[in-house]
Amino acid sequence: MSTTVETATDIRSFHVEIPEEQLEELRRRIEATRWPSKELVDDRSQGVQLETLKALSRYWATEYDWRKAEAKLNALPQFMTEIDGVEIHFIHVRSQHEDALPLIMTHGWPGSVIELLETVGPLTDPTAHGGTPEDAFHLVLPSLPGYGFSGEPKEVGWDAGRTAQAWAELMNRLAYTRYVAQGGDLGAIVADVLGRQAPEGLLGIHMNLLVTTLGAPTPPPGDTEEERAALDAINTFTTSGFGYFLEQSTRPQTIGYSLLDSPVALAAWLLDHDTDSYYKISGAFVDGEPVGNLTRDNIVDNITLYWLTGTGASAARWYWELGQAQAKAHAAGQAPPDASLPVGFTTFPGEIFRAPRSWVEKSYPNVTYFNEVERGGHFAAWEEPELFSDEVRAAFRSLRTNGGSS
Amino acid sequence: MAEKTTAAPRPAPLPAELDAGAEASPIRPFTVEIPEADLRELRARIAATRWPDKEAVEDDSQGVPLALMQDLARYWLTEHDWRKCEARLNAVPNFIIKIDGLDIHFIHVRSEHDDALPLIVNHGWPGSIIEQLKIIDRLTNPTAHGGTAEDAFHVVIPSMLGYGFSGKPTSTGWGPERMARAWAELMERLGYTSYVAQGGDWGAFVVDQMGLQAPDGLLAIHTNMPATVPADIDTALQAGDPPPGDLSAEERRACDQLLRTYGQVEYARYMAARPQTLYGIADSPVGLAAWLLDHNDADGQPAAAVLSALSRTTSDSGELTRDEVLDNITLYWLTNTGVSASRLYWEYKGGFFNAKGVSIPVAITVFPSEQYQAPRSWAERAYPNLIYFNEADKGGHFAAWEQPQLFVAELRAAFRSIHDKRRSS
């Protein structure tokens, strides 16, 4: 990595340049992996399956080429800027269409900006991707604090609220006076909080995970068949798929030792998210049949980014902050302020649960867009970048009527 | 590790007349002999550790702190000597027996007092038989340790399946119920027709199951992590609701302690859900060490008793030392049992501390730094045939390891009535 001062402002351009020794060291560690015995079941119910992880690590050590990922990243304009004491890394691609709508889009865990790379073309250059100039966005893709090339907070308190404030400052620094925000997973939490903070210039938000119902003190209603199915899916997730959340929100440092010292430990930890994405990703390695854009290279790019930046523990700490913030809010008995600005939402079928329109409308008073699509899961932007981009375009279309950006 | 199929000259070899079921599966003497290459490999990995940055807090609220782990790793790499632990293990008779399709490793030390009471002691997680090494001589040879010949036990200490030198299950089903049955068979195979059983942590779950199964010959159990919580209170506490009913001060204290404990057992919830995903505890020594250290007791997470042991280099009274903590971690590493041991949490679908309905004679010692201090009122309800109840004045979750003298005094007192009855019958 190297940074060079580009202008007199405190925004510096950034390029990824990982030293070759680090890549050799990574391969050496993968090859020296000491494996546990095989799980005792034939599915993912005990965790990431040995066969899947062995296939991944074989590919990682022998075929995979990080330099291609590096080239993909460096093909986009990347920057660093210090906000509130933390260095924030971001990709910033301005559309050639001057009146494009500025959009800040936030990745989640176990993701990174890698999740969002394939949406850059459709969103910033719509005419080359089946859209019209009116669909264009100026795109800002920051790395969350503690993730990827962003700095790691050295103090507590970097929760979603502080991150959202940093994003508003970032857009301000980029001179975007009217913009929108988008996110899935942790990015949806940031978008939700941004919506509630409603900083000046924020026109609306779009999310692809309904964060108001996960870990909510009172469960959402189960009156319709759709709602009951969603409740069942949430229940399945919180009883069997929630382990990473519990561990990261309480003891991020403890699991962090494994995540920093063992590439396969890191890979397993990052693969063990929801059932839908796990089997899609597992299939890419075991059967050679990727689903959508969840290819072996894309998956390993993301894991390798975590490894090379040494961010397994610092990324996990974000959940600790989330847990602290939730506990504080719970103890204070405070409901967060409403997000009264326009909210768009897309339900992807493979998501942890299929959020019914009724829940979205109950969560946000001003839902201006809702759609349920036919493909895609938790990593919607990663898995189905074109479809996802269509949704982002559609969700924000009504907010462009006043035109203009910076 | 080397298994010997012929009996070698050993201290207190198994008397031939006790080897009753030899035709079913031989009981093979076992010696721990870790290849030097394994130890070199461990040291190389510790030396090559890639560390995370320091936690963002000044306490242990985000997990095991970096400074502590780095100190421990330095000592592990440069000073800890596994061969000393190996020698301690090999100074007692170790055996392997196949039961229910799997090899079970156990230590078996017969007292020279022939009418000693046979006792099977079951370790827990994140422990191993290393937790019990300091109680063996005190139990089997009481006259050398302030006791009388009437205090003597024949001691059997198995490694749970998936732990230490025991085999790793290759199919599901090896929960505490099945281990309890295996232990009863083990005692039978050793020719013990009447015996008692003891356990803490997972060992407490196993001896509770033994109590429920009440196999022929099992006279009583002693537990230092009793499951006494009444069903309605357990349900309320699990849900985070205020406990129902009119509680005594002791019962209220226990509820508070349980609530604290339930907030410190994410490691258990994680292993119950995703044991296989813990690849790091197979591949990274510091990853394993941190995972094993992050178990709570009443005074902290990591357990205060273990943290204070990390600065204790020797102890005349048998209190836990840094070397013993590393002996245990090193045993997990060398046997690559981090993940297989975790699977026990996945196997078990029952409650933690809820009363299980054991009706055979039960003895309880409450140690003050245990997860919760079981009130006598609950203990009497949960175990209607309570033959002994005492509150020790020190010691915690790893009672046998932390306070071996006190622990042994408790076992002697707990089983005295059983001993007397057995001798007079």
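Reader: What is the handedness of the crossing of α9(A) and α13(A)?

Author: Right-handed. Keep in mind that this is a predicted model.

Reader: How closely do the axes of those two helices come, and at what angle do they cross?

Author: The axes of α9 (residues 252-261) and α13 (residues 312-332) of chain A come within 8 Å, and the crossing angle is roughly 155°. Angles over 145 degrees count as roughly antiparallel, so α9(A) and α13(A) are roughly antiparallel to each other.

Reader: Which residues meet there?

Author: From α9(A) there are A:Pro252, A:Gln253, A:Gly256, A:Leu259 and A:Leu260, and they meet A:Gly312, A:Ala313, A:Ala316, A:Arg317 and A:Trp320 of α13(A). By class, that contact of α9(A) with α13(A) divides into 6 nonpolar, 3 polar and 1 charged.

Reader: OK, chain B. How do α2(B) and α11(B) cross?

Author: Helix α2 (residues 66-78) and helix α11 (residues 285-293) of chain B have axes that come within 11 Å and cross at roughly 120°. The pair α2(B) and α11(B) is therefore oblique, and the crossing is right-handed.

Reader: And which residues are in that contact?

Author: On the α2(B) side, B:Leu68, B:Met69, B:Leu72, B:Ala73 and B:Trp76; on the α11(B) side, B:Pro285, B:Val286, B:Ala289, B:Ala290 and B:Leu293. The contact of α2(B) with α11(B) has 10 nonpolar residues, with no polar and no charged ones.

Reader: One more helix: how many residues of α4(B) are buried?

Author: 7 of the 8 residues in α4 (residues 133-140) of chain B, so the helix is mostly covered, a residue being buried under 20% relative accessible area. The buried ones are B:Leu133, B:Lys134, B:Ile135, B:Ile136, B:Arg138, B:Leu139 and B:Thr140.

Reader: Switching to rings. How many aromatic pairs are there over all chains?

Author: The structure holds 37. Take A:Phe237 and A:Tyr244: their ring centres are 6.3 Å apart and the planes are at 55°, so this pair is tilted.

Reader: Are A:Phe237 and A:Tyr244 buried or exposed?

Author: Both A:Phe237 and A:Tyr244 are buried.

Reader: Which aromatic cluster do they sit in?

Author: One formed by A:Trp109, A:Phe237, A:Phe242, A:Tyr244, A:Phe245 and A:Tyr319.

Reader: What about B:Trp125 to B:Pro126?

Author: The bond from B:Trp125 to B:Pro126 is cis as well, with omega near 5°. B:Pro126 belongs to the loop between β5 (117-122) and α4 of chain B.

Reader: Why flag these at all?

Author: Because most peptide bonds are trans, and most residues other than glycine have a negative phi.

Reader: Fine, on to phi. What is the value for A:Asp84?

Author: Near 55°, which is positive, in a residue other than glycine. A:Asp84 sits in the loop between β3 (78-83) and β4 (86-93) of chain A and is partly exposed, at 43% relative accessible area.

Reader: And for B:Asp100?

Author: Phi of B:Asp100 is near 55° and positive. The residue is in the loop between β3 (94-99) and β4 (102-109) of chain B, and with 42% relative accessibility B:Asp100 counts as partly exposed.

Reader: Last one, B:Gly164. Which residues does it touch?

Author: B:Leu331, B:Thr335 and B:Thr337, not counting residues up to four places away in sequence. B:Gly164 is in the loop between β6 (153-158) and α5 (176-189) of chain B, and B:Gly164 is buried, with a relative accessible area of 12%.

Reader: How far is B:Gly164 from B:Lys134?

Author: Their C-alpha atoms are separated by 17 Å, with the two residues 30 apart along the chain.

Terms used
Residues are numbered from 1 along each chain as its sequence is written. Chains are lettered from A and ligands numbered from 1 in the order in which they are written. This is a predicted model: local features need pLDDT of at least 70, side-chain atom pairs count only at pLDDT 80 or more; totals for chains, interfaces and linings use all residues. Side-chain values use heavy atoms; hydrogens and water are left out. Axes are lines fitted to C-alpha atoms, for helices over the stretch in contact, and angles run from 0 to 180 degrees between N-to-C directions. Helices (H or I, at least four residues) and strands (E, at least two) are DSSP runs, numbered from the N terminus. Angles under 35 degrees count as roughly parallel, over 145 as roughly antiparallel, 65 to 115 as roughly perpendicular and the rest as oblique. A crossing is left-handed if the near helix is turned anticlockwise from the far one by less than a right angle, and right-handed if clockwise. Contact means heavy atoms within 4.5 Å. Ala, Val, Leu, Ile, Met, Phe, Trp, Tyr, Cys and Pro count as nonpolar, Asp, Glu, Lys and Arg as charged, and the others, Gly among them, as polar. Rings of Phe, Tyr and Trp (its six-membered ring) pair if their centres lie within 6.5 Å; planes under 30 degrees apart count as stacked, over 60 as edge-to-face and the rest as tilted. Buried means under 20% relative accessible area, exposed over 50%, partly exposed in between (1.4 Å probe, protein chains only).
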